[in-house]
Amino acid sequence: MTAQSRKADYSESTRQALVDSAVSLFTENGYAATSLDAVARRARLTKGALYHHFTGKQALFEAAFEAVEAAVMARLGQVVAGGPEGAWDRAIGGVNAYVRVCLEPAYRRIVIHEGPVVMGWERWRAAEEHFSFGLVKAVLESLVAAGELDELPVETTTRILFGALAAGAAIIADAEEPERAVAEVSGTVVRVLEGMRRSR
């Protein structure tokens, strides 16, 4: 390993430590109550090291947001892509897995609650589309290819379903009875899909 590659590895591990620290603190305390000093302290790094990687608190929040989203999308991608089940069962499994993700503290606080406030609605929506829109579209395309759904305008249908899932996530995140909300959102989205399912 060259000195340059060692330096790059160290730089990446430093950045990752800061992001991990930020995810923990933003989840526990929220954006407003989390200081950059606290993030650096938890990561056992200096504030100077933090500013080497991030221009400020919002940039750090966006990196934390991306880390949480990327981890969730990787997990959901495995649910809908693999396994011996047919396309329909994988799609339903994906819906059920996603609504349960909305109960996870980091996703609930960073992505659903604080993301739109900290990043602004437009930027947050674009980030959400970047991460999850493609997965929803791939699921619909797989259902059409498997003959589970009639031919339909995939782009339009994806946007409608994506919007329904986003609304469902907000319902779950704000619910006084989260488990009940999960069941209601999951059941509703599945019924929407069943309404589009090709008659057998």
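What percentage of the 200 residues of the protein chain count as buried? Which residues of α4 and α5 make the contact between these helices, and which residues is V99 in contact with, leaving aside its neighbours within four places in sequence?

Modeller: This is a predicted model, in which local features need pLDDT of at least 70 and side-chain atom pairs count only at pLDDT 80 or more, while totals for chains, interfaces and linings use all residues. Residues are numbered from 1 along each chain as its sequence is written, and side-chain values use heavy atoms, with hydrogens and water left out.

Of the 200 residues of the protein chain, 44% count as buried (under 20% relative accessible area, with exposed meaning over 50% and partly exposed in between, for a 1.4 Å probe and protein chains only). The protein chain has nine helices and zero strands (DSSP runs of H or I with at least four residues for helices, and of E with at least two for strands). The C-alpha atoms fill a box of roughly 65 × 45 × 30 Å along the principal axes. Contacts (heavy atoms within 4.5 Å) between residues at least 6 apart in sequence join, in 68% of cases, residues at least 24 apart.

The UniProt record, in an unreviewed entry, places "domain: HTH tetR-type" at residues 12–72, and the chain there is 79% helix and 0% strand. The record also gives a "DNA-binding region" at residues 35–54, where the end C-alpha atoms are 14 Å apart. Such annotations may be inferred rather than shown by experiment.

Let us turn to the part you asked about. Two packed helices are described by the angle between their axes and the distance between the axes. Helix α4 (residues 57–81) packs on helix α5 (residues 87–101) at about 155°, with the axes 8 Å apart (lines fitted to C-alpha atoms over the stretch in contact, with angles from 0 to 180 degrees between N-to-C directions). The two helices are therefore roughly antiparallel (over 145 degrees; under 35 is roughly parallel, 65 to 115 roughly perpendicular and the rest oblique). Their crossing is right-handed (the near helix is turned clockwise from the far one by less than a right angle, whereas anticlockwise is left-handed). From α4 come V72, R75, L76, V79, V80 and A81, which meet R90, G93, G94, A97, Y98 and V101 of α5. Eight of these residues are nonpolar, two polar and two charged (Ala, Val, Leu, Ile, Met, Phe, Trp, Tyr, Cys and Pro are nonpolar; Asp, Glu, Lys and Arg are charged; the others, Gly among them, are polar).

Helix α5 also packs against helix α7 (residues 121–145), again at about 155° but with axes 9 Å apart. Here too the pair is roughly antiparallel, although the crossing is left-handed. A87, W88 and A91 of α5 touch V139, S142 and L143 of α7, a contact with five nonpolar, one polar and no charged residues.

V99 lies in α5 and is buried, with a relative accessible area of 2%. Beyond its neighbours within four places in sequence, V99 is in contact with I172, V182, V185 and S186. Its C-alpha atom is separated by 9.0 Å from that of A181, 82 residues away along the chain.

Finally, α7 comes within 9 Å of helix α8 (residues 154–174), crossing at roughly 120°, which makes the two oblique.
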